[in-house]
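Welcome, and thanks for taking a look at this one. Below is a short tour, grouped by topic, to read alongside the viewer.

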Amino acid sequence: MADCFRGGRSFLRRNLNSAARGHGGARPSYARFSRLLLCACSEEERQLRANNRIFNMQFEYAKNSIKTAKYNLFTFLPLNLFEQFQRIANAYFLFLLILQLIPQISSLSWFTTVVPLVLVLAVSAVKDAIDDCNRHKSDKQVNNRPVQVLLNGRLKADRWLNVEVGDIIKLENNDFVTADLLLLSSSEPHSLTYIETVELDGETNLKVKQALTVTAEMGEDLHTLSSFDGEVRCEAPNNRLDKFVGTLTIKREKFALDNEKMLLRGCTLRNTDWCFGLVVFAGPDTKLMQNSGRTTFKRTSIDRLMNTLVLVIFAFLAAMCLILAVGNGIWEYRKGYYFQVYLPWAEGVHSAPFSGFLMFWSYVIILNTVVPISLYVSVEIIRLGNSFYIEWDRKMYYPLNDTPAQARTTTLNEELGQIKYIFSDKTGTLTQNIMVFNKCSIDGKSYGDVYDVEGHRVEVTESTKKVDFSYNPLTDNKFSFYDESLVEAVKRGDAPTHKFFRLLSLCHTVMPEEKEAGHLVYQAQSPDEGALVTAARNFGFVFRARTPETITVVEMGEMLVYELLAILDFDNVRKRMSVIVRSPKGELTLYCKGADTIVYDLLRSSCGPLKQKTTDHLEEFAGEGLRTLVVAYKDLEEGYLADWQRRHHEASTALDEREEKLSKLYEEIEADLVLLGATAIEDKLQDGVPQTIETLGKAQIKIWVLTGDKQETAVNIGYSCNMLCDAMDDIFVIHGHNSEEVLQELRKARKKMRSDTFVEDDGPDTQVHKPGKSHILPEEQPNGEYGIVINGHSLAHALEGNLQLELVRTACLCKTVICCRVTPLQKAQVVELVKKHKRAVTLAIGDGANDVSMIRAAHIGVGISGQEGMQAVLSSDFAFAQFRYLQRLLLVHGRWSYIRMCKFLAYFFYKNFAFTLVHFWYGFFSGFSAQTVYDEWFITLYNLVYTALPVLGMSLFDQDVDDRWSLHFPQLYTPGQQNLYFNKLEFVKCMLYGVYSSLVLFFVPYGAMYNAVRSDGKAIADYQSFALMAQTCLLIVVSVQMGLDTAYWTIVNHLFIWGSLAMYFTVTFTMYSDGTYLVFTASFPFIGTARNTLNQPSVWLAIFLCVTLCVLPVVGFRFMKTQLKPTVSDKVLSKIQELRKRPPVLLPKRPLRRSISRRSGYAFSHQHGFGALITSGRNMRPKSPFGMMGSFSPNSEKHKHQ
């Protein structure tokens, strides 16, 4: 509706003005206004004028600033308090405070509730303020990026946040695109502009945009640009990245606008010195932000469980209060009525039922500690502390770009220990987006491996000696190669080797640039092409320059100019590209490179033996996860080529079946090729990615790769990362083009994986639940190990309502899922689908703006920082620089946080049930009079002082095993996925244990005090002595229980546990002393109780009996459970104990083995090549520095100093 209203404002104003003019200047009627408003809302267009802020301001378009912060200085206090009192517990304690202010029912002083409540609110507010300050800081970082805005005929240095719709801005090479821009002009010929869209769609290849000719003529003339007043009408803001519809009106002439003329926010300008653009969409209206998805408040499963348990406790509290209130009514009716002389009823109480009604609320106040307010402040402190551990972890610090790990939110730590599904981007997350020429096969010989003196293959490391390319003055110093034999083959003039590198230097669409003498820079459409041309350059075949008709190459120091006769361009169907060139000697040659599955079918029959050797090498390369291409050539005759060119011209100008005719001609001339060899490029993974994925797999975490890249590239990375392997039972490829095909492919895959439970029917089994209801699927186990690859167009059908369950059921049976050609919104839809249908915690990790929607949709969002762009980090919950740190985040910090939180909750509920239920039993012995068992000061300090620090110490420092063992045994992670350590059953156990302990803690002191006397014969059987003994027993019991729950003792734990006990006795003796009583008589009535009671041996014997009766059942149960029914954790912990006793054993280093893969390693980042651009000359500068024939000598004066 908002977009509709924005788009229709111009229509509305025009009609309002015309209506006003038609009525002699009078305003139109309200009815007329309403009709116009409805018409305006049906209009979905945006209207803007260049360089006219006043005109554009009337539409109130969004500015370019983004805002993720929730508060400002003035709204923080009211909004934060409003949010905090939306918590059931906080509202409950505010209600209690109001009750305590009513004298008739107040059984406790007001400070027993006010002090904890204020403390909880203050701590939560401080934490929220810190989080929001971080959000303000992040917003400021993005909004204050510099940009050049054209204002009043001059370029003004400004900030992103000040950019408005209709502004003209200037971008320079490697700049991020500020907003969604209409390209006006650029530094390149014909106003071509090269952009990298990896932040938007994950694709690493460069894309070309071209401005309209009418705007391209403006160039960088600031006067012309500032006087430009074109009017744009276009679609309303939307999330379609691949589509844009609009018109540009200049001097009453209309020009069509499409996506090829738009630069979208999130892209990066590449290989273009400068460009000017007109802002069409800004800030939240940009397609990037429209794809970012909505920001949701994330809560952990523990949070949701706590809310449920609090409601259960409320019901339990109400039941207890009702029982005691009924008891009070009965007691007052039967007995209390007759004792009103010395036990008078309170003022206003005239009947036993009304007394019971008031006692209900009095007991609500007394028993309120069963829902401890300090629970929430303790949870916040624990989460904050565990967040600091993540940020302080030096093993998650990346020194190369000085990037530590960040915990951008402090509320999700324990959820890190429960992850079942990880959704990962590919480019920039798993890979470095760097292509390296790694190996090759030439004339049946493999190059690239390094061998020792004994002939054994050794692994390449940083210390391995690199090949010396000093003989080549035009070498790229960043290029590394380690096999000396290939350089020797080049130097000795080996013919196949020279042909191989000559092909690499000629068969491509790379553009060279030499801004400084001798400093050659390649502008490649894809990193694959750049890697191949760079390799040829370093081995002595330097691609130096090109024109539409020529290619200039420096071959072993000699400059040669080849005549470029044709480019048979690459596309996703052909999977190959060829060039036809004439050498300086007049020889005609076709050079071809492409996928082995395609090129092999084009080879002449005599290549059989070489083809077999090359195939063996390709399988080795593919097994190592390298991206392979096969290269071949063919000599041509003049007559045949002339005839082919004539027929090619006829086909290219044909009106019917042009593509089919051209395809046949390409296949004709590319037949009978002679095989040269193959290339193997490494798409460099981030350090430790395969090992991390293997470790996470052992922890039963499933990883799904969601990438915008093409299928071959994604599958290749899947093998490189060891996510896919040839040992798998099957790898399914879903590539159906309609819903029926996709359904059949999914069902066929599921039938193979779960044939025993598969029920054949006509349609997907998704019509069994009501719309809008969450349908949780049970966990299913496949009959083997499988992987699945889903294409983007197939995924679009699978995400439709009637196929969603089929997709989830099939994909979740697979060990690995790879989704290719996925849009940012589809990434979020896949995550939401798994969240909806699987009872599992999800994590999404990515580095680009195209991952933001996925990161926001998952339970946990992780951003890879230190890469280009910070959109993913700004939207994430945690951030670090390398994917490998994910295993430490989950298996160490996540597991520890989960275990600590579960221990904390179990202990906290136990100690409060034990503490509170003593009041319940006491009610039966005190006439249900709402008298407290304990001293009021003990009630106030119990949760805030006496038991707060010990449980915090355990919750901040406890660890069952250290980080090394956590990573060594990933199986320890699985209990968190199954939520075994704290759930509803564990809560019931804590509750029952608390009830049992409260019975012991009441009746043992009661029996010990009943008719008891001191050693001097004086009686001690009074209320104050009983209260002191009961609270002392309670505190010692819960402290001993804390010691039993602590697995990792530190000096802090000792200090907190024993220090809290010492604090209790110190405070008790001080408050019960004569001096305190004389100063504060009304507040401290227990004068002398401590010294009179705690010096009796019988009292300490009773305390020892309480501790024994409370603790012994727990110790016995845990021992028997470990022996008779050990869990996975128990077995692993037992194994760790055995390993700790043994001396460390040095494992022998595993020999390096080649892996063989019976699959094609083909992967190429191209979609459609730049061949047409090159041959048309539209991307050529008017004057090329190498446009003419010349000579080059590496020993010339010009190159002697390089």
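In which helix does Phe-357 lie? The answer is helix H12, and we come back to that helix below. Please keep in mind that this is a predicted model. Its 1202 residues include 56% that are buried, and its secondary structure comes to 42 helices and 35 strands. Among contacts between residues at least 6 apart in sequence, 75% join residues at least 24 apart.

**Helices H11 and H12**

- Helix H11 covers residues 301–334 and helix H12 covers residues 352–366; the two pack at an angle of about 145°, and their axes are 8 Å apart.
- The crossing of H11 past H12 is right-handed.
- The residues in the contact of H11 with H12 divide into eleven nonpolar, four polar and one charged.
- On the H11 side, the contact includes Ala-318, Cys-321, Leu-322, Leu-324 and Ala-325, along with Asn-328, Gly-329, Glu-332 and Tyr-333.
- On the H12 side, their partners are Ala-352, Ser-355, Gly-356, Met-359, Phe-360, Tyr-363 and Val-364.
- Phe-357, also in H12, counts as partly exposed because its relative accessibility is 46%, which falls between the 20% and 50% cut-offs.
- From Phe-357 to Asn-328 the C-alpha distance is 8.9 Å, although 29 residues separate them in sequence.

**Helix H40 and its buried face**

- Helix H40 has 14 residues (1128–1141), so at 1.5 Å a residue it should span 20 Å; its end C-alpha atoms are 21 Å apart, which agrees.
- Which residues of H40 are buried? They are Ser-1129, Val-1132 and Ile-1136.
- Seen down the helix axis, the buried residues of H40 fall within an arc of 65°, so they line one face.
- Lys-1131 and Lys-1141 are exposed on the other side of H40.
- The packing partners of the buried H40 residues are helix H32 (963–968) and helix H33 (974–977).

- As background, most residues other than glycine have a negative phi.
- Phe-928 has a phi near 55°, a positive value in a residue that is not glycine.
- Where is Phe-928 found? Its place is the loop between helix H29 (885–923) and helix H30 (936–946).
- With a relative accessible area of 11%, Phe-928 is under the 20% cut-off and therefore buried.
- Asn-979 likewise is not a glycine, and its phi is positive at about 55°.
- The loop that holds Asn-979 runs between H33 and helix H34 (984–1009); H33 is one of the helices against which the buried residues of H40 pack.

- Gly-1043 is part of helix H35 (residues 1023–1045).
- A relative accessibility of 19% is under the 20% cut-off, so Gly-1043 counts as buried.
- Setting aside neighbours within four places in sequence, Gly-1043 is in contact with Trp-1049 and Ile-1057.
- Gly-1043 and Ile-1057 are 14 residues apart along the chain, and their C-alpha atoms are separated by 7.9 Å.
- Gly-697 belongs to helix H21 (residues 689–698), and its relative accessible area of 33% makes it partly exposed.
- The chain separation between Gly-697 and Pro-970 is 273 residues, while their C-alpha atoms are separated by 8.6 Å.

**A buried loop residue, Asn-259**

- Asn-259 sits in the loop between strand S10 (253–257) and strand S11 (262–263).
- Its relative accessibility is 13%, so Asn-259 counts as buried.
- Which residues does Asn-259 contact, leaving aside neighbours within four places in sequence? They are Lys-209, Leu-241, Asp-242, Lys-243 and Phe-244.
- Gln-210 is 49 residues from Asn-259 along the chain, and the C-alpha atoms of the pair are separated by 9.9 Å.

How values were computed. Residues are numbered from 1 along each chain as its sequence is written. This is a predicted model: local features need pLDDT of at least 70, side-chain atom pairs count only at pLDDT 80 or more; totals for chains, interfaces and linings use all residues. Side-chain values use heavy atoms; hydrogens and water are left out. Helices (H or I, at least four residues) and strands (E, at least two) are DSSP runs, numbered from the N terminus. The expected span of a helix is 1.5 Å times one less than its number of residues. Buried means under 20% relative accessible area, exposed over 50%, partly exposed in between (1.4 Å probe, protein chains only). The arc is that of the directions from the helix axis to the C-beta atoms. Contact means heavy atoms within 4.5 Å. Axes are lines fitted to C-alpha atoms, for helices over the stretch in contact, and angles run from 0 to 180 degrees between N-to-C directions. A crossing is left-handed if the near helix is turned anticlockwise from the far one by less than a right angle, and right-handed if clockwise. Ala, Val, Leu, Ile, Met, Phe, Trp, Tyr, Cys and Pro count as nonpolar, Asp, Glu, Lys and Arg as charged, and the others, Gly among them, as polar.
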